[in-house]
Amino acid sequence: MNASSDHALILAQGLTRLYPLGSTAVVGVEDIDLAISHGEMVVLKGNSGSGKSTLLALLGGLDLPTRGRLMVAGQNLQKATPKELNAYRRKVVGMIFQSFNLLPTLTVVENVCLPALLAGRPHQEVTNRALEWLDWLHLSSRLNHYPRQLSGGEMQRTAIVRALINEPSIILADEPTGNLDSKNGQAVIELLSELNHKFNTTVIIATHSALADPYATLQIYLKDGRITETGACDV
Amino acid sequence: MRRVVFFLRFLKWFTARQMRMHPWRVLAVVLGIALGAAVFTSVRLAVYASLDSFTRTMDLLSGKADWTVMRPEGRVPEDLVARLRSHPAVETASPLISSYVSISEKDTQPFLLIGLDPVLDYPLREWQIDSASGDAAQIWLDLLRLPHTILMSRPLAQQHAIAAGDVISLEHVHQIARFRVLGVLEPEGLSLIEGGYVALADIATMQEFTGLQGWVDRIDLRLKPDATEQTVAELKDLLPRGIDLEAPTETKESGRTMIHAYQLNLSMLSFVSLFVGMFLVYSLVSLNAASRRRELAILRSLGASSELLFATVLSEGLMLGLLGWLLAIPIGSFLVKYLLEGVSSTITNLFVRVRVEKLHLDFWEILLSFGVTLLVSLVAAYRPAHEATHIAPREAMMMHESPAREKHPSRYLVFFGMALIFLAWPVAKLPSLPRFPLNGYFAVLILVVGFSSLSLPLLQWMGSRLPPLLRRIAGEPAFLAGRYVRDAGNRTAISVGALVTAMALFVALVIMVHSFRDTVSLWVNQTLAGDFFLRPKMAGLNQYHDPLPQKVIDGLKKIEGVDLMAYRHLELRYGKIPYQFEAVSFEPLLRYGKFLLLQGDMAKIKGSLIAGEGVLVSEVFANQTGLSAGERYRVRLGNVLLGMPVLGVFRDYRTRGGVVYVDLGAYQKGTGDQRWSGVRFFFKNRNQNLESATGRLRSEVLRCCGKDHPLEMASGLELRREILKIFDETFAVTTVLLLIALLVSGLGITTTLTVLVLERIQQLNTLFAVGAGSGQIRAMIFWEAVLMVITGEGIGLICGFLISHLLIYVINLQSFGWTFLYHVNWNALVMSLPLILATALLAALPAVRLVLHSSPALVLKEL
């Protein structure tokens, strides 16, 4: 573990997620012990099926552990109620997905505003903030475009702004460059790094690409659902 | 408030835009709901219009009367008026005579002529003379003092281009007479009854015109405010035996009950289209929820609650229902005009006379239609909405759609379906309210749900067992179609369920209508035997109040070459149950005709019937009163109490209640009433040309008897044809309703196939990529449609047979009191099945076009 348990933003102990399959169970992750501080840029590495996405889903409150302990931003996730998990997903984490996951019937600005509106924030205030972010990411000319009218890079930048709109403590990115060409992929990683430095947002990227390696403060290697290696990095 | 605003905004973004992107799909469902809602609403409005017209007529006719003095089978002596007026508790007593009459040489509908005493009647009923007619006071006086004068309602006068001062000839069986129209009535009060087609005369004029000097139809009473129950009892004691005192609402309530029952039956039938439309909503909403599962998971991952997802999916159903209801307004406005005439003439034929000239849009009926449509849509969308709440946020991270697991394995559905099917008959046999067979309808619903539940297991079974056979018959496309149908699960089963519903009800109705028609045809040819029928003009309308004049009877008796079957017809009540009493000459009737007996053996009872030692009662009478063969029938006719055993129960399908037959000779001997209400003629020589003989007989009757006394005459052939025509018209409405339901279910198949193709567009284009031809893809989709339709038709057919039993032996029995001989017209059924199959295959065409529309390379590039 990198940080002491007392100051960790994310603390996992014996974290396990098993998926029942008939009479047996498939291991998603098993006995994960982890401590991540504020402001870290963490890269989760491993091949397909190593458990990166499962761990990310647990950290994002998208899934519940089978056993073990998971504390994120002071919240005990395995004991959280569905309502608490909803609030957690809105306010504490921002998710970025490999396939962007923009809603096809919403425009760029609507997609970006959605998490904030779900959190009950006033529409005008949210829209103004969204416009600032979109301008910062050079998407001002695409405000009323639908996802089908955007390029891959534009879609991912939109997804990033959506993840930021509620100013979460943690950004979780699942293979953010998986559907992008190398140029756009590099741009996305640089952007995430900038967010990490500028706003001290903890960024956790699950990837099997090496693009994020130079920017990581911590690399965690997973294999068959277990952490095999952890290494702090100098950035 | 902010949450509401957000939700509405979100619905616009997420649901409304999705609907705009797929307009045809949405239109198909909206049209289905619109048709269902339009049919439901317009049927109810049409019946309501008749109910309103009838109620208004009854209320206006009763006026402010508290009680009515009347004799069920005849008339009341006029001298009773003075005796009643002299009672201290009676404020006013007004005699009334009413009869339907027609204008000579004009081929228009008869109208009601009311004879009243303008002075005595003034406190009870309202009517005003139009100022354009002249000095109202003078006209009023002239009506009193001048014979053969009338006042006409405005619509009636306008219909015949009649003005004040004109002279017209009016026909009644007693005579044809000329009347001067003194003036036109203002459209208020009494002049509004019968749709506004009415005329008034002084009671003396009316008595003279109808030959009822010294008699009236009824005496309406208004009592003083301090009258008590004791007063009413005293008044009843004052009346001669056989004359009753009853509340004026009794006739009205009896009529309303009958119309309400008809409204319920027709509403249930019209609800079928809406019910089938419900499947459409379910189908589209659940298909949308399934195809947008990933988007719903994304929403969950962003923090949307499961309640929001539930509300969103439910709202989609609600929006479809709302749009459907709005579209139903123009469709319904068109339909209601067509239905109004059909429904009001059916009510007139079956129950009570109504004349509807204008449709009133009743707020509560509109609200009911709105509420039912939205409720149906909500119910339809509930399950997909509930299933959406189980979408895990984690699914947002999956690269491929995770198929929604079937919550209910087909084994469970088989048990559930079979349990409902077996439950249906016991539920149907539970006791129910008279004329309201709610348990029967509930049993139909149970059967439909039960059989529809078998759609999925049967599709899965077919998809498992049949593909190898299909491959041998029609090659690989058919094989693939079978496999897909097996795995498609609820997505296809819902549309098949809709088809099952529509098909089952269609089959049930075809069987019921043909069984009914065949039985009625048998009845008409056997029990309504007769070569020539004669009765006073408008006798039916006037409820046989006016018998044939003696001159006519004397003239008829002289006609040679015929056997006469005279009858005396009275409209009576058994307790509160109205029925028809007919004294007939049994000897010629049983010689030339036949009764379809349900109880009793004609060989054994014939002698007793002819001797006047017993009665025959109709099935309707027996079911409504509980009297059956062996029990005693009693009736008071004036001062005479007749009591005889019931010798048999027979099938009878005349309208307006049950029938009791007694021998005419026994009746005349017992009561002293020698009058005839009508006559049937039978030609003695059966070998002659009966049509020519009928023509000759008609001429002879006109010559001897018809000059001064308007008569209704019809050949037996004409009468039997007319009865079957009325029958066909009665069921035309119900047949149209069910054809609409079939159309709606066809729309469902179209929607389902189209959406399923869209969902599998990558799979289908992959088939192209691996070598499938467009003809093979087309064939595969057609085979899917064929399998779905065959499943729906097959299950629907079996279900339809069971429902037909419910319709005949439970619902008809409880609604109308009759049953009929079960008879399947295989021709009609067999002919309709390929038609439905062809329609369903046409429904597959849009889906097929969709597949071949996009380039496989482009579609597969997105993989």
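Predicted model: local features only at pLDDT ≥ 70, side-chain atom pairs only at ≥ 80, totals over all residues.
Colleague: In which helix of chain B is V427(B) found?
Modeller: Residues are numbered from 1 along each chain as its sequence is written, and chains are lettered from A and ligands numbered from 1 in the order in which they are written. Helices are DSSP runs of H or I with at least four residues and strands are runs of E with at least two, numbered from the N terminus. The run that holds V427(B) covers residues 410–428 of chain B, and this is helix α13.

Colleague: Does V427(B) count as buried or exposed?
Modeller: A residue is buried under 20% relative accessible area, exposed over 50% and partly exposed in between, with a 1.4 Å probe and protein chains only. V427(B) has a relative accessibility of 13%, and therefore counts as buried.

Colleague: Which residues does V427(B) touch, not counting residues up to four places away in sequence?
Modeller: Contact is taken as heavy atoms within 4.5 Å. With the residues up to four places away in sequence not counted, the partners of V427(B) are N439(B), F442(B), A443(B) and I446(B).

Colleague: How many Å apart in space are V427(B) and L466(B)?
Modeller: In sequence, V427(B) and L466(B) are 39 residues apart. In space, taken from C-alpha to C-alpha, V427(B) and L466(B) are apart by 36 Å.

Colleague: With which residue of chain A is Q18(B) in contact?
Modeller: Q18(B) is found in helix α1 of chain B, residues 2–21, and it counts as buried because its relative accessibility is 10%. Leaving aside neighbours within four places in sequence, Q18(B) is in contact with N288(B) and R292(B) of chain B, and with T105(A).

Colleague: How many residues of helix α10 of chain B are buried?
Modeller: Helix α10 of chain B covers residues 293–301 and is mostly covered.

Colleague: What percentage of the accessible surface of chain B belongs to carbon and sulfur atoms?
Modeller: Chain B has 863 residues, of which 57% count as buried, and its C-alpha trace spans about 100 × 70 × 50 Å along its principal axes. By the Shrake-Rupley method with a 1.4 Å probe, where for residues only the protein chains shown count as cover, the accessible surface of chain B comes to about 36,000 Å², and the part that belongs to carbon and sulfur atoms is 60%.

Colleague: What radius of gyration does chain A have?
Modeller: Chain A holds 6 helices and 10 strands, and its C-alpha trace spans about 50 × 40 × 40 Å along its principal axes. The radius of gyration is taken over C-alpha atoms, and the globule rule is 2.2 Å times the number of residues to the power 0.38. For 235 residues a compact globule would come near 18 Å, which agrees with the value for chain A, 17 Å.

Colleague: What ipTM does the predictor give the complex?
Modeller: For chain B the pLDDT averages 86, and 96% of the residues score at least 70. For the complex, the predictor gives a pTM of 0.79 and an ipTM of 0.87.

Definitions and conventions: Heavy atoms only, no water. pLDDT = per-residue confidence, 0-100.
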